[in-house]
There are 2 protein chains.
Amino acid sequence: MFDLEQWSRTHLDRVERALDRWVTAEIPSGLNHGAPAQLVDAMRYAVLDGGKRLRPLLVLAAYEALAESPANAEDGAALRAACAVELIHAYSLVHDDMPCMDNDVLRRGKPTVHVRFGQASALLAGDALQALAFELLTPQNDTVAPALQARMCGLLARAAGSAGMAGGQAIDLASVGKPLSECQLRQMHQLKTGALLQGSVMMGAACGEPSAQVVTALKTFGAALGLAFQVVDDILDVTADSSTLGKTAGKDASNDKPTYVSLLGLQASRDYAQSLLREALDALDASGLTHAHALRALADMVVNRSC
Amino acid sequence: MFDLEQWSRTHLDRVERALDRWVTAEIPSGLNHGAPAQLVDAMRYAVLDGGKRLRPLLVLAAYEALAESPANAEDGAALRAACAVELIHAYSLVHDDMPCMDNDVLRRGKPTVHVRFGQASALLAGDALQALAFELLTPQNDTVAPALQARMCGLLARAAGSAGMAGGQAIDLASVGKPLSECQLRQMHQLKTGALLQGSVMMGAACGEPSAQVVTALKTFGAALGLAFQVVDDILDVTADSSTLGKTAGKDASNDKPTYVSLLGLQASRDYAQSLLREALDALDASGLTHAHALRALADMVVNRSC
């Protein structure tokens, strides 16, 4: 029986240590001026010691599902990819929380970055975190094959950009107070949250030289999982409280944002999340991958989580 | 005799057309929802029809200095690099102009992006422009060798990030109202402006397989040019008016920001700019490159410009 908790603990430990090492090292040691230190402080505050790290775990789980051996040559590439997607996720939260966006003061149970460091530093820290993600993917010491570096940069840029996460946030922004069809709501979430979750799966898989069949199956898996994540997020926004979530609950409703719950109702949203989970697991079956235990367990956790 | 004006006209035309094509195409055609259209509008407004395009011209000039033939196989890579650095530059201006940073309302003679589209859209447009830069560098159609894609992503990420442009902006932010030594001021500008200008030169050169000697020489050239650019910027902030600059003149002094003029005085700043120009041109001589006419002329233009 696969033990997700134990698997996660091992891999989260690797991710935390790697993030701790990398969200510092890129600052040249000769730079002792106060401001970059403050920038790094804000970057570290945004990234370290918080979050479920779902995206890094998806990268590593997809990599493991593909890899012949658990410690082969591209192991370092998968860890870099895991940290890079988390940096993109972290920067998006920093910017999303700013007063001109969601104006949120609480995140992962702590004051948001702009509350703690000021808006200008939050803006710059987010910008620098996005660049750092691409730095991580392009090590200058030849530890990752150049073609894989290029492939991962391309996947990450597309997942994060105007046809991915940033595009979804723009739809979100324009949708406040407007009625959306289910199709439009799905489109928004596919970009806003789904693109980076799917991108995490594809980046992890890219480290293991996937066949065309596997790529197709994992794309379907990632898309279903990404949408399920958001449906469950909408459910929890209504059913959980702020201390459980580590962020302000009920804010979608109070911000008059369209959600699955407001569109479909609570029970139909729960049913939809379960059907997306089945779709994701069916895709894994179709992939032919025999080591997809962690991917399978993560999908189950995403849909059946309580926070 | 090399004609910079004619050379620039030809290359600017290529860059403008490429930017016009690329700051749209990445949005999937199926997405007809209003918000991504608004995001793309803001991105296009930030990028198109404005600016001197110094960074793209540096990329193309460095590429030409290296390239055996003016239209060899990596020509497309150089054009992509030229546009990518401009996207990074454009995003940095969008974010820098926001109320929580410089709070500027005029840029290139037009209202700034947040004035025109609102702060949230400006924030997202900047974020999406950064991602788009890396999309441009990683075409999925095999037109650029994967190793070159990786090399250029690495150069751009480092030039833009916490040890480059974003780091310099953080120092700038922390320096308002504080006395800086000349060493600290230089360090700030080397990151804030110099890193991306130097990065432009190195990315152009990377498309032409430079020798170690050429890399060293062009690094020196790019560093001297980058610093000279900022010294001249500080001079023009004092000596030119807003309509000539296309942005608010005198804002450094009114914002109580340390500048070369405030530190060294006007004449010594002019002398310093000329000595940096000599250093840049000497580096080109040392490079052994025989087709560096455009790089030479651009350096001269940067130092002797009037706006």
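1. The largest nonpolar core of this predicted model has 214 residues. The residues with the most contacts inside that core are L156(A), A228(A), L156(B) and A228(B).

2. Next, a word on confidence. Chain A has a mean pLDDT of 90, with 90% of its residues at 70 or more. Please take care with residues 26-35 of chain A, where the pLDDT is below 50; this stretch still has 20 contacts in the model beyond near neighbours in sequence. For the complex, the predictor gives an ipTM of 0.93 and a pTM of 0.93.

3. Now to the interface. Here 50 residues of chain A are in contact with 50 residues of chain B. On the side of chain A that touches chain B, at least two residues each come from α2 (34-47), α6 (119-137), α7 (146-160), α8 (165-175) and α9 (182-206). The most is given by α6(A), with 11 residues. Sorted by class, this side of chain A has 29 nonpolar, 17 polar and 4 charged residues.

4. How are the two chains related? Chain A is superposed on chain B by a rotation of 180° with 0.0 Å of shift along its axis, and the RMSD is 0.0 Å. That is the relation of a two-fold axis. Both copies use the same surface, as 100% of the contact residues of chain A recur in chain B. Which residue of chain A comes closest to the rotation axis? A150(A) does, with its C-alpha at 2.3 Å.

5. Helix α7(A) deserves a look of its own. From its first C-alpha to its last, this helix of 15 residues reaches 21 Å, close to the 21 Å expected at 1.5 Å a residue. Is α7(A) mostly covered or mostly open? It is mostly covered, with 13 of its 15 residues buried.

6. Finally, a residue in chain B. L60(B) is in helix α3 (residues 54-66) of chain B. L60(B) counts as buried because it has 30 C-beta neighbours inside 10 Å, where 20 or more are needed. Apart from neighbours within four places in sequence, L60(B) is in contact with H11(B), A78(B), A82(B) and G204(B). Y91(B) lies 31 residues from L60(B) along the chain, and their C-alpha atoms are separated by 21 Å.

Definitions and conventions:
Residues are numbered from 1 along each chain as its sequence is written. Chains are lettered from A and ligands numbered from 1 in the order in which they are written. This is a predicted model: local features need pLDDT of at least 70, side-chain atom pairs count only at pLDDT 80 or more; totals for chains, interfaces and linings use all residues. Two residues are in contact if their C-beta atoms, placed from the backbone, lie within 7 Å. Helices (H or I, at least four residues) and strands (E, at least two) are DSSP runs, numbered from the N terminus. Ala, Val, Leu, Ile, Met, Phe, Trp, Tyr, Cys and Pro count as nonpolar, Asp, Glu, Lys and Arg as charged, and the others, Gly among them, as polar. pLDDT is the predictor's confidence in each residue, from 0 to 100. Copies are superposed by least squares on the C-alpha atoms of residues with pLDDT of at least 70 in both. The expected span of a helix is 1.5 Å times one less than its number of residues. A residue is buried if 20 or more other C-beta atoms lie within 10 Å of its own, exposed if 12 or fewer, and partly exposed in between; C-beta atoms are placed from the backbone. A nonpolar core is a set of buried Ala, Val, Leu, Ile, Met, Phe, Trp, Tyr and Cys residues joined through C-beta atoms within 7 Å.
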